Amino acid sequence: MDGALVQLDEVMDVQATIADPQFKKIGEASYADADWAAFTDLGSRIQVTAAKAKDFSKGPEFDKLADQLGGKAKELSAAATAKDAGAASTALTEMKATCKECHSKFK
């Protein structure tokens, strides 16, 4: 395989692999430099994979959730740049909720 994500399951696996460890940090009062770097990476990657998920669209509601996830990932990146723990935790919480909502409807 050339590294391209060619199935929705692959996109979801990539998202879970990079997001799940960061979701465990929701609610922490402060974060270390390594966390900020991980949040920046997560935000960037999820923006890309959320856009890619729409290639496998299951309709307008699916696309809306993919866009919502991408938007929350952008918020996470901004929070990481600002080193704003509250905003980072909120973005992670909302990303996780979006994942759960989409999975409940489309998995």
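Colleague: Leaving aside neighbours within four places in sequence, which residues is Thr 98 in contact with?

Modeller: Thr 98 is in contact (heavy atoms within 4.5 Å) with Leu 65, Gln 68 and Leu 69, leaving aside its neighbours within four places in sequence. Please note that this is a predicted model, where local features need pLDDT of at least 70, side-chain atom pairs count only at pLDDT 80 or more, and totals for chains, interfaces and linings use all residues. Residues are numbered from 1 along each chain as its sequence is written, and side-chain values use heavy atoms, with hydrogens and water left out.

Colleague: Is Thr 98 buried or exposed?

Modeller: Thr 98 has a relative accessible area of 2%, so it counts as buried (under 20% relative accessible area, with exposed over 50% and partly exposed in between, for a 1.4 Å probe and protein chains only). Its place is in helix α4; helices here are DSSP runs of H or I with at least four residues, numbered from the N terminus.

Colleague: What else is buried in α4, and what covers it?

Modeller: The buried residues of α4 include Ala 85, Ala 88, Leu 92, Met 95 and Cys 102. Their cover includes α1 (8–23), α2 (33–53) and α3 (60–82).

Colleague: How does α1 pack against α4?

Modeller: The angle between α1 and α4 is about 140°, and their axes are 11 Å apart. Axes are lines fitted to C-alpha atoms, for helices over the stretch in contact, and angles run from 0 to 180 degrees between N-to-C directions. The two helices are therefore oblique to each other; under 35 degrees counts as roughly parallel, over 145 as roughly antiparallel, 65 to 115 as roughly perpendicular and the rest as oblique. Met 12, Gln 22 and Phe 23 of α1 make the contact with Leu 92, Met 95, Lys 96, Cys 99 and His 103 of α4.

Colleague: And what about α2 and α3?

Modeller: α2 and α3 pack at about 160°, with axes 8 Å apart. That makes α2 roughly antiparallel to α3. Among the residues that meet are Trp 36, Phe 39 and Leu 42 in α2, and Phe 62, Leu 69 and Leu 76 in α3.

Colleague: Changing topic: where is Pro 60, and is that residue buried or exposed?

Modeller: Pro 60 belongs to helix α3 and counts as exposed, at 70% relative accessibility. Its C-alpha atom is separated by 20 Å from that of Val 6, 54 residues apart along the chain.
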